[in-house]
Amino acid sequence: MTRLLLGAAADVLRREIATASVDMVYSDPPFGNEQIWTGKAGSFDDRWEWSAASSTGWAALKDHSAAGAALLAAVARSAPSRAYLGVMAGIIVELRRVLKLTGTLWLHFDDTMGAELRVLCDVIFGAGNAIGTLVWVRTLGGHGNSKRFGRVHDTIACYGRSRAAKWRLWRIGTLGGDPITGDGFGRFDDFAIAAPLGPTDKERVGYPTQKPVALLEELIRAATLPGNVLLDPTCGSGTALVAATRLQRKSIGIDISQDALTAAQARLTGPATAQPSFDFGEVA
Ligand SMILES: C[S@@+](CC[C@H](N)C(=O)[O-])C[C@H]1O[C@@H](n2cnc3c(N)ncnc32)[C@H](O)[C@@H]1O
């Protein structure tokens, strides 16, 4: 079963999602790239200026840890990055609240704000709950700029809600997983094996920055068992929800854009997703 909820993630989480109710969060938020991303199925704005959400997010972070908020403020380099990190702080504080003690956050980002997002997650989840980072090679091109290294990979950082989360990943790997390949920790090295989407890939729905279902299936199999709940608070075209549904997990998708939810809904009800039941009543 899938729920789709429209709105800013921090607000929707606060209003709609119960404490300690989610087994896994995957989030592929805007990366703070200061550009508008456009595709034929929608667009989203990744340019940042101070907003009420930035202010609320910084306040939530300060409530969680005043020292941590001061540390993050010291590494935030510019006005747009402070605005962006405020919004991300508001979301990630809420994500920690909704995760079960055994649950895990998988946060997907690139180099643009990667260092700051790691500090933010260390502050909110505790550095001792950092489980590791995966590298995913998202394109095989990218060497067109002589002033910097070609940017061909993203990073996915994994954090446990508590120490029990690491134990659960191990249990999934040893007890719940595929006896040959293994799930959980045994499933892959810190290099996620899933091919990037090609420009004419059949899977593409035209939503910008769409990720491959195979990547999400890898992560979901490592962190959950059938019947568990996956939440994606910035779900875009719903790739994580499609993967969760195929693997018989329940899922909740949130996005601030109606275009994103329309694309996600079309995928979830389409022939490529075996969908046992779909809760249309929850679509905002
Ligand atoms: C990188 S895209 C996600 C792409 C997605 N993983 C996919 O495969 O289609 C980021 C998404 O975050 C959404 N977004 C941006 N700010 C948000 C916020 N405050 N709350 C919820 N969603 C937000 C955007 O509308 C966009 O759809």
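## Overall picture

A residue counts as buried when its relative accessible area is under 20%. By that cut-off, 50% of the 284 residues of the protein are buried. The model is predicted.

The protein holds nine helices and nine strands. Take the contacts between residues at least 6 apart in sequence: 72% of them join residues at least 24 apart. The protein exposes about 12,800 Å². Carbon and sulfur atoms supply 56% of that area.

## Confidence

The average pLDDT of the protein is 90. A score of at least 70 is reached by 89% of the residues. Residues 276–284 have a pLDDT below 50. Beyond near neighbours in sequence, this stretch still has 20 contacts in the model. Where pLDDT is low, predicted coordinates should not be read in detail.

## The ligand and its shell

There are 20 residues around the ligand. Asp-28, Tyr-207, Ser-237, Thr-239 and Asp-255 come nearest. By type, the shell divides into nine nonpolar, eight polar and three charged residues.

- Ala-9 places a backbone N or O atom 2.9 Å from a nitrogen atom of the ligand.
- Thr-239 has a polar side-chain atom 2.6 Å from an oxygen atom of the ligand.
- Ile-256 has a polar backbone atom 3.3 Å from a nitrogen atom of the ligand.

How much of the ligand does the protein bury? Taken alone, the ligand exposes 610 Å², and the protein buries 95% of that.

## Helix 8

Helix 8 spans residues 239–246. Thr-239, one of the residues that come nearest to the ligand, is also one of the buried residues of this helix. Why is helix 8 described as largely enclosed by the rest of the structure? Because seven of its eight residues are buried.

What do these buried residues pack against? Their partners include three helical and strand neighbours listed here by name: helix 7, strand 8 and helix 9 (258–269). Strand 1 (2–6), strand 2 and strand 9 are also among the partners.

Just after helix 8 comes Gln-248, with a positive phi of about 60°. Gln-248 is not a glycine. Its place is in the loop between helix 8 and strand 9 (250–255). Gln-248 counts as exposed because its relative accessibility is 55%, and the cut-off for exposed is over 50%.

Glu-34 also has a positive phi, near 60°, and is a residue other than glycine. Glu-34 is found in the loop between strand 2 (22–27) and strand 3 (36–39). With a relative accessibility of 39%, Glu-34 counts as partly exposed.

## Asn-228

Asn-228 sits in the loop between helix 7 (213–223) and strand 8 (229–232). Is Asn-228 buried or exposed? Asn-228 is buried, because its relative accessible area is 12%, and buried means under 20%.

Which residues does Asn-228 touch, leaving aside those up to four places away in sequence? They are Asp-23, Arg-168, Arg-249 and Lys-250. With Arg-168 there is also a polar contact between the two side chains, at 2.5 Å.

How values were computed: Residues are numbered from 1 along each chain as its sequence is written. This is a predicted model: local features need pLDDT of at least 70, side-chain atom pairs count only at pLDDT 80 or more; totals for chains, interfaces and linings use all residues. Side-chain values use heavy atoms; hydrogens and water are left out. Helices (H or I, at least four residues) and strands (E, at least two) are DSSP runs, numbered from the N terminus. Buried means under 20% relative accessible area, exposed over 50%, partly exposed in between (1.4 Å probe, protein chains only). A polar contact is a pair of N or O atoms within 3.5 Å; within protein, one must be able to donate a hydrogen and the other to accept it, and residues adjacent in sequence count only if both atoms are side-chain atoms. Contact means heavy atoms within 4.5 Å. A residue is near a molecule or strand if one of its heavy atoms lies within 4 Å of it. Accessible areas come from the Shrake-Rupley method with a 1.4 Å probe; for residues, only the protein chains shown count as cover. Ala, Val, Leu, Ile, Met, Phe, Trp, Tyr, Cys and Pro count as nonpolar, Asp, Glu, Lys and Arg as charged, and the others, Gly among them, as polar. pLDDT is the predictor's confidence in each residue, from 0 to 100.
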